[in-house]
Amino acid sequence: MPDYEDYIREIKPIFESHHLTNMGPVYKKLQHSLIEYLDVPQLAMFVNGHLALELVLQAMGLRDTGAEVITTPFTFVSTVHAIVRNGLKPVFCDIKPDDYTMDPEKIEALITEKTAAIVPVHVYGSICDVDAIGAVAQKHGLKLVYDAAHAFGVKYRGKGIGSFGDASMFSFHATKVFNTIEGGAIAFHDESLREPLHELKNFGLHGEDVTAYGGNAKMDEFRAAMGICNLRNIEQCIAARGQAFARYHERLSGVPGLTLIKEQQDVTPNYAYYPVLIDPETFGEDRDSVFDRLKAQDIYARKYFYPAINEMACYQGQFRGETPIAARISRNILTLPMYAELTPETVDTICDVILRK
Ligand SMILES: *Cc1c(COP(=O)(O)O)cnc(C)c1O
């Protein structure tokens, strides 16, 4: 949360102008600040990240083509819903066992003449192998849209992560590293996407005429104001998460049966999540049991991401792609509490419970 007085100052002009929504001055101010902070060529903002992803696929002309889209089953369900709700067919590519992102080596075998796009996920803020995936997309003439919901502020070789691929979706949901309460954005390169993205979130209105089956996914001025306030503190927030991250690493590394998240080369991280992979044999206890013991102490870890998307009731057996690694990881992974205000003492308490100290 930002400072209350800071937020009140930021929304005062909205009360004076009565310009509550429809891409007003506060929207534009946040948009420009984010283009700079995220280091991306262009940015369109939305009421949430999910609709942003749905609408960018439509803006690219993919909606209702029935084409196949290669994606990962190890993500939040929103990624795959965005594909299916566009009348497209997800094809599940397995993930790498070390950082849980889409395995670039397994993409080509899934490509058919129906494939139109690849939608990988920078899961937990760990970035995909953007060089290898970009090369596959280019070789086969496929659109490349990253779900960067977890990757706010992450850089690769000093470049904003949202500048890779054709487009990237960021989520500004309350639970993410940066929030506008609810909100999201598409970072993109191609100038020709700007107008369709703008129109599709506003009912397809094009001047007085309507040229597309748009929806309503506009970010309002009050949410944009929340973003302006939160952006002022983002560096401190990420640094504070980094402290908690380091403390977890200190306490949990070297414990037999626990695999911690790897810090990636050439990457400026955002410490969005702290996932721990639990090998039940070696650790002597399975993920669900650790989860339950934490819960009994009022510590709420999350089973992100379980079940894997292709094991959920509405996806099971529906779409192709064998993903045994994603299945194993999703059954054994636990993300521990992670937020800017998390103190080293609290991290110690959490670790003591996990380690039965
Ligand atoms: C949060 C999230 C979304 C959806 O974003 P919202 O802003 O909540 O709509 C999509 N994909 C992933 C991986 C997410 O974590």
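These legends accompany close-up views of a predicted model.

**View 1**
The shell around the ligand holds 15 residues, and G49, D147, H150, S171 and K176 come nearest. By class, the shell divides into 3 nonpolar, 10 polar and 2 charged residues. Three elements each supply at least two residues of the shell: α3 (49-59), α4 (78-84) and β8 (167-171).

A polar side-chain atom of H150 lies 2.7 Å from an oxygen atom of the ligand. On its own, the ligand has 380 Å² of accessible area; the protein covers 92% of that.

**View 1. An open sheet of 3 strands.**
The strand order is β7-β6-β13, and the pairing is antiparallel. β7 (159-160) and β13 (267-268) stand at the edges. Each has a single partner strand, so one side of each is left without a neighbour in the sheet. Strand β6 (residues 155-156) pairs with β13 over 2 bridges. Y156 has V267 of β13 as its bridge partner.

**View 2. The salt bridge between R232 and D6.**
The closest N and O atoms of R232 and D6 are 2.8 Å apart. This pair links distant parts of the chain: R232 sits in helix α7 (residues 221-232) and D6 in helix α1 (residues 4-17), 226 residues apart.

**View 3. The salt bridge between R287 and D288.**
The side chains of R287 and D288 meet at 2.7 Å, N to O. R287 is buried, with a relative accessible area of 2%. D288 is at 30% relative accessibility, so D288 counts as partly exposed.

**View 4. The salt bridge between K96 and D99.**
Here the closest N and O atoms of K96 and D99 are 3.3 Å apart. K96 and D99 are both buried. The model has a count of 24 salt bridges, by the rule applied here.

Terms used: Residues numbered from 1 in each chain as written. Predicted model: local features only at pLDDT ≥ 70, side-chain atom pairs only at ≥ 80, totals over all residues. Heavy atoms only, no water. Near = heavy atom within 4 Å. Polar contact = N/O pair within 3.5 Å; in protein donor to acceptor, adjacent residues only side chain to side chain. Areas by Shrake-Rupley, 256 points an atom, 1.4 Å probe, with all protein chains shown as cover. Helix = DSSP H or I, 4+ residues; strand = E, 2+ residues; numbered from the N terminus. Nonpolar A, V, L, I, M, F, W, Y, C, P; charged D, E, K, R; others polar. Pairing = 2+ DSSP bridges. Salt bridge = Lys/Arg side-chain N within 4 Å of Asp/Glu carboxyl O. Buried < 20%, exposed > 50% of the residue type's maximum accessible area, 1.4 Å probe, protein only.
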